[in-house]
Amino acid sequence: MIIGNKENWSKERQFVHPVLRKIIDEVQGVDFSKIGNGRYALQGDDIYYTVMELNARDVTETRAEKHNTYIDIHILLDGKETIGWAGESAELTVVESSKENDYSLYDSAAGEQYLELTPGMYAVFYPHDVHRPGLMGKDDPAPSRIRKAVVKVNKDLFIGG
């Protein structure tokens, strides 16, 4: 997992895998204020992003997730979002999965830690990273509105990269 902020990208990009560097460079140039919610292809089904709006939810109302085919890059555009994260472990029990839709869901994630994102921040989740997006912060009195983009990158693009 990687967490960062677009303000620091110019200094950090040299340390990132070339495939991720190219994608984050490209996405940095998108003016998300001028596009609506929906799916946008960058490279067919291998690289695409979805812009969405949602209300943050309590951790008890959500399930953690993991993907086998895609790496996720969550970019917070507006609002405040907490994302749970845990490494893959034998203690995880899959409660629902879909190979076709590339997800496995978990009711609990052992050792889950929480990342607080503010606009301009991004988090990269690899296929072994269990994550629970769209959460309200533990000290938030009420759910906030979140606008974000989630970039999906086929992990096969990293082979030989």
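Which side chains does a polar contact of 2.8 Å join? Hello everyone, let me start there. The two partners are Asp 72 and Lys 152. Before I go on, please keep in mind that we are looking at a predicted model.

So, Asp 72. You will find this residue in strand 5, which covers residues 70-78. Its relative accessible area is 1%, and that makes Asp 72 buried. Leaving out residues up to four places away in sequence, Asp 72 touches a set of residues including Glu 65, His 67, Phe 125, Val 150 and Val 151.

Let's move over to the histidine. His 131 belongs to strand 11, residues 129-135. Is His 131 buried or exposed? With a relative accessibility of 1%, His 131 counts as buried. A polar atom of the His 131 side chain also lies 3.1 Å from the backbone oxygen of Asp 129. If you again set aside residues up to four places away in sequence, the contacts of His 131 include Ala 64, Glu 65, His 67, His 74, Ile 83, Gly 84 and Trp 85, and Asp 72 and Phe 125 are among them too.

Six strands make up an open sheet, ordered 1-10-5-12-3-2, with antiparallel pairing. At its edges stand strand 1 (2-5) and strand 2, and each has a single partner strand, so one side of each has no neighbour in the sheet. On average, and ignoring direction, neighbouring strands here are turned by 20° against each other. As a quick reminder, strands of a sheet pair through backbone hydrogen bonds, in a parallel or an antiparallel way. How many bridges link strand 3 and strand 12? Nine, and these strands pair in the antiparallel sense.

Next come the aromatics, where the count is four pairs. In one of them, the ring centres of Phe 32 and Tyr 49 are 5.7 Å apart and the planes meet at 75°, so this pair is edge-to-face. Phe 32 lies in the loop between helix 2 (18-28) and strand 2 (38-43), while Tyr 49 lies in strand 3 (residues 47-55), so the pair ties together parts that are 17 residues apart in sequence. Phe 32 counts as buried at 9% relative accessibility, and Tyr 49 counts as buried at 6%. Tyr 49 has a second ring partner: its centre is 5.3 Å from that of Tyr 40 with the planes at 25°, so Tyr 40 and Tyr 49 are stacked. Tyr 40, at 25% relative accessibility, counts as partly exposed. Put together, Phe 32, Tyr 40 and Tyr 49 form one aromatic cluster.

And where does the charged end of Arg 39 sit? Over the ring of Tyr 48, 3.5 Å from the ring centre.

Most residues other than glycine have a negative phi. Asp 102 has a positive value, with phi near 55°. This residue lies in the loop between strand 7 (94-98) and strand 8 (103-106), and Asp 102 is buried, with a relative accessible area of 8%.

Key
Residues numbered from 1 in each chain as written. Predicted model: local features only at pLDDT ≥ 70, side-chain atom pairs only at ≥ 80, totals over all residues. Heavy atoms only, no water. Phe/Tyr/Trp six-rings, centres within 6.5 Å; stacked < 30°, edge-to-face > 60°. Helix = DSSP H or I, 4+ residues; strand = E, 2+ residues; numbered from the N terminus. Buried < 20%, exposed > 50% of the residue type's maximum accessible area, 1.4 Å probe, protein only. Lys NZ or Arg CZ within 6 Å of the ring centre and 35° of its normal. Pairing = 2+ DSSP bridges. Axes fitted to C-alpha atoms, helices over the stretch in contact; angles between N-to-C directions. Polar contact = N/O pair within 3.5 Å; in protein donor to acceptor, adjacent residues only side chain to side chain. Contact = heavy atoms within 4.5 Å.
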